[in-house]
Amino acid sequence: MVAEKIGTTLSQHIIETQKDFPQASGRFTRVFNELATCGKIISSYVRRAGITAEITGKKGSVNVQGEEQAKLDVIAHNIFVNRLLETGLVAAISSEESDEIVEADEENSRNANYIISTDPLDGSSNIDVNVSIGTIFSLMKRKTPLGERVSKEDFLQKGSEQIAAGYILYGSSTIFTYTSGHGVFCFTLDPTIGEYLLSHSRLKIAEEGTTYSVNEGNRKFWNKGEEELVCYFQGNHAENDKPYTGRYIGSLVADFHRNLLKSGIYLYPKATKDGKQDNGKLRLLYEAMPLALIMKEAGGFSSDGEKDILEIVPTEIHQRVPLFIGSKREVNLAKEFLHKYNP
Ligand code: AHG
Ligand code: MN
Ligand code: MN
(Lines give C-alpha, C1' and ligand atoms only; values in the text may rest on other atoms or scores of the structure.)
(Ligands and ions follow the chains in the order given, each with its own letter.)
Protein backbone atom coordinates (compact mmCIF):
# COMPACT_ATOMS: atom_id res chain seq x y z
CA MET A 1 0.00 0.00 0.00
CA VAL A 2 1.36 3.43 -0.98
CA ALA A 3 2.20 5.68 1.98
CA GLU A 4 -0.39 8.42 1.61
CA LYS A 5 -0.63 9.85 5.09
CA ILE A 6 -0.13 13.62 5.11
CA GLY A 7 3.31 14.19 6.60
CA THR A 8 4.89 11.02 5.13
CA THR A 9 8.37 11.79 3.76
CA LEU A 10 9.00 11.64 0.01
CA SER A 11 11.60 8.86 0.38
CA GLN A 12 9.25 6.75 2.49
CA HIS A 13 6.45 7.29 -0.02
CA ILE A 14 8.62 6.29 -3.00
CA ILE A 15 9.90 3.18 -1.23
CA GLU A 16 6.33 2.14 -0.36
CA THR A 17 5.14 2.88 -3.92
CA GLN A 18 7.89 0.69 -5.34
CA LYS A 19 6.77 -2.25 -3.21
CA ASP A 20 3.53 -2.31 -5.20
CA PHE A 21 5.47 -3.09 -8.38
CA PRO A 22 7.24 -6.44 -8.13
CA GLN A 23 9.29 -5.68 -11.25
CA ALA A 24 10.72 -2.53 -9.67
CA SER A 25 14.41 -2.80 -8.96
CA GLY A 26 14.98 0.11 -6.62
CA ARG A 27 16.50 2.12 -9.47
CA PHE A 28 13.48 4.36 -9.72
CA THR A 29 13.75 5.08 -5.98
CA ARG A 30 17.41 6.01 -6.38
CA VAL A 31 16.72 8.35 -9.33
CA PHE A 32 13.89 9.99 -7.45
CA ASN A 33 15.99 10.52 -4.36
CA GLU A 34 18.58 12.24 -6.55
CA LEU A 35 15.92 14.42 -8.19
CA ALA A 36 14.70 15.40 -4.73
CA THR A 37 18.24 16.26 -3.64
CA CYS A 38 18.77 18.40 -6.76
CA GLY A 39 15.59 20.24 -5.77
CA LYS A 40 16.92 20.89 -2.27
CA ILE A 41 20.22 22.23 -3.61
CA ILE A 42 18.60 24.47 -6.24
CA SER A 43 16.11 25.64 -3.62
CA SER A 44 18.92 26.70 -1.33
CA TYR A 45 20.48 28.72 -4.18
CA VAL A 46 17.11 30.34 -4.93
CA ARG A 47 16.68 31.28 -1.27
CA ARG A 48 20.05 33.05 -1.38
CA ALA A 49 19.27 34.99 -4.58
CA GLY A 50 19.82 38.66 -3.88
CA ILE A 51 22.33 37.95 -1.11
CA THR A 52 25.16 37.00 -3.41
CA ALA A 53 25.76 38.38 -6.90
CA GLU A 54 26.87 34.93 -8.09
CA ILE A 55 23.23 33.89 -8.30
CA THR A 56 21.22 36.76 -9.71
CA GLY A 57 21.63 38.47 -13.09
CA LYS A 58 22.51 37.41 -16.59
CA LYS A 59 25.31 35.07 -17.50
CA GLY A 60 26.20 36.90 -20.72
CA SER A 61 25.51 33.83 -22.88
CA VAL A 62 22.53 32.60 -24.90
CA ASN A 63 21.08 29.07 -25.11
CA VAL A 64 20.08 27.14 -28.23
CA GLN A 65 16.76 28.98 -28.39
CA GLY A 66 18.61 32.30 -28.57
CA GLU A 67 17.45 33.24 -25.07
CA GLU A 68 19.81 34.99 -22.69
CA GLN A 69 20.82 32.64 -19.88
CA ALA A 70 20.50 33.70 -16.26
CA LYS A 71 23.24 32.60 -13.86
CA LEU A 72 20.79 30.40 -12.00
CA ASP A 73 19.71 28.70 -15.27
CA VAL A 74 23.26 27.46 -15.70
CA ILE A 75 23.77 26.60 -12.02
CA ALA A 76 20.55 24.53 -11.98
CA HIS A 77 21.49 22.80 -15.26
CA ASN A 78 24.92 21.82 -13.89
CA ILE A 79 23.49 20.49 -10.62
CA PHE A 80 20.98 18.34 -12.49
CA VAL A 81 23.39 17.00 -15.08
CA ASN A 82 26.29 16.28 -12.73
CA ARG A 83 24.30 14.59 -9.99
CA LEU A 84 21.92 12.54 -12.16
CA LEU A 85 24.49 11.29 -14.65
CA GLU A 86 26.67 10.09 -11.78
CA THR A 87 23.97 7.76 -10.44
CA GLY A 88 24.84 5.20 -13.12
CA LEU A 89 21.10 4.95 -13.83
CA VAL A 90 20.57 7.88 -16.21
CA ALA A 91 22.17 7.46 -19.63
CA ALA A 92 21.64 11.02 -20.89
CA ILE A 93 19.85 14.28 -20.18
CA SER A 94 18.20 16.65 -22.58
CA SER A 95 18.09 20.13 -21.05
CA GLU A 96 16.81 23.50 -22.17
CA GLU A 97 20.27 24.86 -21.45
CA SER A 98 22.19 22.53 -23.74
CA ASP A 99 22.02 22.39 -27.57
CA GLU A 100 22.77 18.66 -27.59
CA ILE A 101 21.90 15.88 -25.18
CA VAL A 102 24.42 15.41 -22.37
CA GLU A 103 25.56 11.78 -22.02
CA ALA A 104 26.89 9.93 -18.99
CA ASP A 105 30.48 8.67 -19.30
CA GLU A 106 31.09 5.09 -20.35
CA GLU A 107 31.20 3.64 -16.86
CA ASN A 108 28.03 5.39 -15.72
CA SER A 109 26.03 4.59 -18.83
CA ARG A 110 26.76 0.85 -18.82
CA ASN A 111 23.60 -0.10 -16.91
CA ALA A 112 21.73 3.17 -17.19
CA ASN A 113 18.17 2.50 -18.26
CA TYR A 114 16.67 5.96 -17.89
CA ILE A 115 16.84 9.24 -19.79
CA ILE A 116 15.63 12.60 -18.45
CA SER A 117 14.40 15.77 -20.14
CA THR A 118 14.47 18.89 -18.03
CA ASP A 119 13.85 22.58 -17.85
CA PRO A 120 16.29 23.11 -14.96
CA LEU A 121 14.98 26.57 -14.18
CA ASP A 122 11.60 27.63 -15.50
CA GLY A 123 10.60 31.27 -15.24
CA SER A 124 14.13 32.70 -15.40
CA SER A 125 12.86 36.21 -15.99
CA ASN A 126 11.34 36.06 -12.49
CA ILE A 127 14.53 35.10 -10.60
CA ASP A 128 15.71 38.64 -9.98
CA VAL A 129 12.30 39.94 -8.89
CA ASN A 130 11.48 37.43 -6.15
CA VAL A 131 8.70 35.67 -8.02
CA SER A 132 8.16 31.88 -7.99
CA ILE A 133 10.26 29.74 -10.35
CA GLY A 134 10.69 25.99 -10.73
CA THR A 135 12.35 22.91 -12.21
CA ILE A 136 10.46 20.56 -14.54
CA PHE A 137 11.50 16.98 -15.35
CA SER A 138 10.35 14.01 -17.41
CA LEU A 139 11.64 10.46 -16.97
CA MET A 140 11.65 7.87 -19.76
CA LYS A 141 13.24 4.52 -20.54
CA ARG A 142 15.96 4.53 -23.20
CA LYS A 143 15.13 2.88 -26.55
CA THR A 144 18.68 2.02 -27.58
CA PRO A 145 19.78 -1.29 -26.01
CA LEU A 146 22.12 -1.21 -23.02
CA GLY A 147 25.72 -1.30 -24.12
CA GLU A 148 25.14 1.04 -27.05
CA ARG A 149 25.37 4.84 -26.93
CA VAL A 150 22.04 6.61 -26.52
CA SER A 151 21.21 9.26 -29.09
CA LYS A 152 18.78 12.12 -29.66
CA GLU A 153 16.31 9.56 -31.05
CA ASP A 154 15.88 8.04 -27.58
CA PHE A 155 14.30 11.31 -26.50
CA LEU A 156 11.85 11.53 -29.38
CA GLN A 157 9.15 9.44 -27.72
CA LYS A 158 5.64 10.67 -27.19
CA GLY A 159 4.57 11.91 -23.76
CA SER A 160 2.42 8.87 -23.06
CA GLU A 161 5.68 6.87 -22.83
CA GLN A 162 6.85 8.82 -19.77
CA ILE A 163 7.58 6.67 -16.71
CA ALA A 164 7.23 9.65 -14.41
CA ALA A 165 7.13 13.43 -14.52
CA GLY A 166 7.28 16.20 -11.99
CA TYR A 167 8.27 19.70 -11.00
CA ILE A 168 9.86 21.41 -8.05
CA LEU A 169 8.35 24.80 -7.37
CA TYR A 170 10.43 27.36 -5.49
CA GLY A 171 7.64 29.58 -4.21
CA SER A 172 6.52 30.69 -0.78
CA SER A 173 7.64 27.16 0.06
CA THR A 174 9.45 24.55 -2.03
CA ILE A 175 7.09 21.89 -3.37
CA PHE A 176 8.01 18.64 -5.13
CA THR A 177 5.08 17.40 -7.25
CA TYR A 178 5.23 14.17 -9.21
CA THR A 179 3.28 11.41 -10.88
CA SER A 180 4.41 7.96 -11.96
CA GLY A 181 1.03 7.22 -13.50
CA HIS A 182 -0.73 6.44 -10.22
CA GLY A 183 -2.02 9.81 -9.11
CA VAL A 184 -0.41 13.16 -8.38
CA PHE A 185 1.39 13.76 -5.08
CA CYS A 186 2.87 17.00 -3.69
CA PHE A 187 5.54 17.15 -1.01
CA THR A 188 6.44 20.38 0.76
CA LEU A 189 10.04 20.87 1.85
CA ASP A 190 10.30 21.51 5.58
CA PRO A 191 13.52 23.55 5.69
CA THR A 192 13.97 22.96 9.41
CA ILE A 193 14.44 19.21 8.96
CA GLY A 194 15.47 19.15 5.27
CA GLU A 195 12.72 16.66 4.35
CA TYR A 196 9.89 16.80 1.84
CA LEU A 197 6.60 15.96 3.60
CA LEU A 198 3.45 14.83 1.81
CA SER A 199 1.07 17.80 1.60
CA HIS A 200 -1.37 16.81 -1.20
CA SER A 201 -2.30 13.21 -1.92
CA ARG A 202 -3.92 12.12 -5.21
CA LEU A 203 -4.53 15.69 -6.25
CA LYS A 204 -7.47 16.27 -8.61
CA ILE A 205 -8.29 19.38 -10.63
CA ALA A 206 -11.93 20.47 -10.88
CA GLU A 207 -13.62 19.51 -14.19
CA GLU A 208 -14.69 23.15 -14.66
CA GLY A 209 -12.23 25.97 -14.13
CA THR A 210 -12.53 29.46 -12.66
CA THR A 211 -9.18 30.94 -13.74
CA TYR A 212 -7.58 31.67 -17.13
CA SER A 213 -3.89 32.41 -17.55
CA VAL A 214 -2.41 33.94 -20.69
CA ASN A 215 0.03 36.69 -21.64
CA GLU A 216 -2.46 39.26 -22.92
CA GLY A 217 0.36 41.48 -24.12
CA ASN A 218 0.39 39.30 -27.23
CA ARG A 219 -3.33 39.86 -27.90
CA LYS A 220 -2.85 41.71 -31.18
CA PHE A 221 -1.22 38.58 -32.61
CA TRP A 222 -4.03 36.18 -31.69
CA ASN A 223 -6.18 34.56 -34.32
CA LYS A 224 -9.98 34.73 -34.26
CA GLY A 225 -10.46 31.52 -32.27
CA GLU A 226 -7.98 32.57 -29.57
CA GLU A 227 -9.56 36.04 -29.40
CA GLU A 228 -13.07 34.62 -29.01
CA LEU A 229 -11.88 32.13 -26.38
CA VAL A 230 -10.42 34.85 -24.19
CA CYS A 231 -13.55 37.02 -24.71
CA TYR A 232 -15.49 34.02 -23.39
CA PHE A 233 -13.25 33.82 -20.30
CA GLN A 234 -13.73 37.55 -19.76
CA GLY A 235 -17.51 37.26 -19.87
CA ASN A 236 -17.71 39.22 -23.14
CA HIS A 237 -19.42 36.49 -25.10
CA ALA A 238 -22.93 35.48 -26.14
CA GLU A 239 -22.49 32.18 -24.29
CA ASN A 240 -20.88 33.55 -21.13
CA ASP A 241 -21.29 36.87 -19.33
CA LYS A 242 -19.57 35.86 -16.10
CA PRO A 243 -15.84 36.68 -16.08
CA TYR A 244 -13.29 34.14 -14.94
CA THR A 245 -10.42 35.27 -12.73
CA GLY A 246 -7.38 36.30 -14.80
CA ARG A 247 -3.97 35.27 -13.33
CA TYR A 248 -0.60 35.24 -15.10
CA ILE A 249 2.72 34.93 -13.29
CA GLY A 250 4.99 34.34 -16.30
CA SER A 251 6.56 31.21 -14.77
CA LEU A 252 4.76 28.30 -16.40
CA VAL A 253 5.39 26.00 -13.46
CA ALA A 254 3.90 28.48 -10.97
CA ASP A 255 0.90 29.28 -13.18
CA PHE A 256 0.38 25.54 -13.66
CA HIS A 257 0.57 24.76 -9.93
CA ARG A 258 -1.92 27.48 -9.04
CA ASN A 259 -4.40 26.31 -11.67
CA LEU A 260 -3.95 22.68 -10.62
CA LEU A 261 -5.00 23.60 -7.09
CA LYS A 262 -7.61 26.23 -7.92
CA SER A 263 -8.84 24.97 -11.32
CA GLY A 264 -8.61 26.72 -14.67
CA ILE A 265 -6.67 26.85 -17.90
CA TYR A 266 -3.19 28.03 -18.90
CA LEU A 267 -2.69 28.91 -22.55
CA TYR A 268 0.31 29.87 -24.65
CA PRO A 269 -1.04 30.01 -28.21
CA LYS A 270 0.78 29.88 -31.54
CA ALA A 271 2.03 33.44 -31.80
CA THR A 272 5.41 34.35 -30.36
CA LYS A 273 6.30 37.75 -28.91
CA ASP A 274 7.34 39.13 -32.29
CA GLY A 275 3.99 38.07 -33.76
CA LYS A 276 5.25 35.12 -35.78
CA GLN A 277 2.45 32.53 -36.12
CA ASP A 278 4.48 29.53 -35.18
CA ASN A 279 4.41 27.07 -32.32
CA GLY A 280 4.36 29.54 -29.46
CA LYS A 281 7.14 29.66 -26.92
CA LEU A 282 6.93 26.57 -24.76
CA ARG A 283 8.98 23.44 -25.35
CA LEU A 284 7.36 20.05 -25.88
CA LEU A 285 9.85 17.72 -24.19
CA TYR A 286 10.58 19.47 -20.93
CA GLU A 287 7.69 21.89 -20.40
CA ALA A 288 4.49 20.67 -22.10
CA MET A 289 4.92 16.87 -21.90
CA PRO A 290 5.73 16.45 -18.19
CA LEU A 291 3.03 18.91 -17.15
CA ALA A 292 0.58 17.16 -19.51
CA LEU A 293 1.15 13.84 -17.73
CA ILE A 294 0.60 15.45 -14.33
CA MET A 295 -2.54 17.18 -15.62
CA LYS A 296 -3.92 13.94 -17.03
CA GLU A 297 -3.28 12.10 -13.77
CA ALA A 298 -5.05 14.93 -11.92
CA GLY A 299 -8.11 14.46 -14.15
CA GLY A 300 -7.43 17.42 -16.44
CA PHE A 301 -6.41 17.64 -20.07
CA SER A 302 -3.87 19.28 -22.37
CA SER A 303 -3.80 20.02 -26.07
CA ASP A 304 -1.88 21.96 -28.70
CA GLY A 305 -5.28 23.20 -29.87
CA GLU A 306 -5.89 20.06 -31.88
CA LYS A 307 -4.01 17.05 -30.59
CA ASP A 308 -3.53 15.65 -27.09
CA ILE A 309 -0.05 16.80 -25.98
CA LEU A 310 0.77 13.26 -24.79
CA GLU A 311 0.15 11.86 -28.29
CA ILE A 312 2.50 14.19 -30.19
CA VAL A 313 5.61 12.43 -31.49
CA PRO A 314 8.53 14.88 -31.14
CA THR A 315 10.88 15.41 -34.06
CA GLU A 316 13.36 17.70 -32.26
CA ILE A 317 14.53 17.84 -28.65
CA HIS A 318 13.97 21.60 -28.42
CA GLN A 319 10.70 21.60 -30.37
CA ARG A 320 8.09 24.18 -29.37
CA VAL A 321 4.37 23.59 -29.09
CA PRO A 322 1.25 25.72 -28.49
CA LEU A 323 -0.17 24.74 -25.09
CA PHE A 324 -3.69 24.69 -23.65
CA ILE A 325 -3.67 22.89 -20.30
CA GLY A 326 -5.97 22.62 -17.31
CA SER A 327 -9.55 21.72 -16.40
CA LYS A 328 -11.23 19.49 -18.97
CA ARG A 329 -14.11 21.81 -19.77
CA GLU A 330 -11.94 24.84 -20.54
CA VAL A 331 -9.38 22.92 -22.63
CA ASN A 332 -12.21 21.40 -24.66
CA LEU A 333 -13.70 24.87 -25.09
CA ALA A 334 -10.33 26.08 -26.39
CA LYS A 335 -10.27 23.25 -28.93
CA GLU A 336 -13.82 24.08 -30.02
CA PHE A 337 -13.16 27.80 -30.52
CA LEU A 338 -9.94 27.16 -32.43
CA HIS A 339 -11.61 24.55 -34.61
CA LYS A 340 -14.51 26.90 -35.42
CA TYR A 341 -12.26 29.22 -37.44
CA ASN A 342 -9.82 26.61 -38.63
CA PRO A 343 -11.84 23.46 -39.31
P1 AHG B 1 12.16 29.64 -19.23
O2 AHG B 1 12.43 30.60 -18.13
O3 AHG B 1 12.46 28.22 -18.85
O4 AHG B 1 12.80 30.03 -20.53
O5 AHG B 1 10.59 29.58 -19.49
C6 AHG B 1 9.86 30.79 -19.60
C7 AHG B 1 8.51 30.47 -20.11
C8 AHG B 1 7.51 30.02 -19.08
O9 AHG B 1 7.96 29.82 -17.81
C10 AHG B 1 6.49 31.12 -19.06
O11 AHG B 1 5.20 30.64 -18.89
C12 AHG B 1 6.67 31.80 -20.36
O13 AHG B 1 8.00 31.64 -20.69
C14 AHG B 1 6.33 33.25 -20.29
O15 AHG B 1 6.50 33.79 -21.53
P16 AHG B 1 6.01 35.27 -21.87
O17 AHG B 1 6.94 36.17 -21.15
O18 AHG B 1 6.13 35.35 -23.37
O19 AHG B 1 4.58 35.37 -21.40
MN1 MN C 1 10.63 27.18 -19.03
MN1 MN D 1 14.29 27.36 -18.23
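## Residue classes and the shell

Ala, Val, Leu, Ile, Met, Phe, Trp, Tyr, Cys and Pro count as nonpolar, Asp, Glu, Lys and Arg as charged, and the others, Gly among them, as polar. In this predicted model, the shell around ligand 1 comprises six nonpolar, five polar and eight charged residues.

Ligand 1 is surrounded by 19 residues, each having a heavy atom within 4 Å of the ligand. The closest are D122, N215, Y248, Y266 and Y268.

## Polar contacts and burial

Polar contacts are pairs of N or O atoms within 3.5 Å. An oxygen atom of ligand 1 lies 2.7 Å from a side-chain N or O atom of Y266, and one lies 3.0 Å from a side-chain N or O atom of D119. At S124, a polar backbone atom is 2.8 Å from an oxygen atom of ligand 1. Taken alone, ligand 1 exposes 470 Å², of which the protein buries 89% (Shrake-Rupley method, 1.4 Å probe).

## Origin of the shell

Strands are DSSP runs (E, at least two residues), numbered from the N terminus. β5 (114-122) and β13 (265-268) are the elements that give two or more residues to the shell around ligand 1; β5 supplies the largest share, three residues. Domain 1 (2-200) and domain 2 (211-341) each contribute at least three residues to this shell, with bounds from an automatic or database domain assignment.

## Conventions

Residues are numbered from 1 along each chain as its sequence is written. Side-chain values use heavy atoms, and hydrogens and water are left out.

Methods
Chains lettered and ligands numbered in written order. Predicted model: local features only at pLDDT ≥ 70, side-chain atom pairs only at ≥ 80, totals over all residues. Polar contact = N/O pair within 3.5 Å; in protein donor to acceptor, adjacent residues only side chain to side chain. Helix = DSSP H or I, 4+ residues; strand = E, 2+ residues; numbered from the N terminus.
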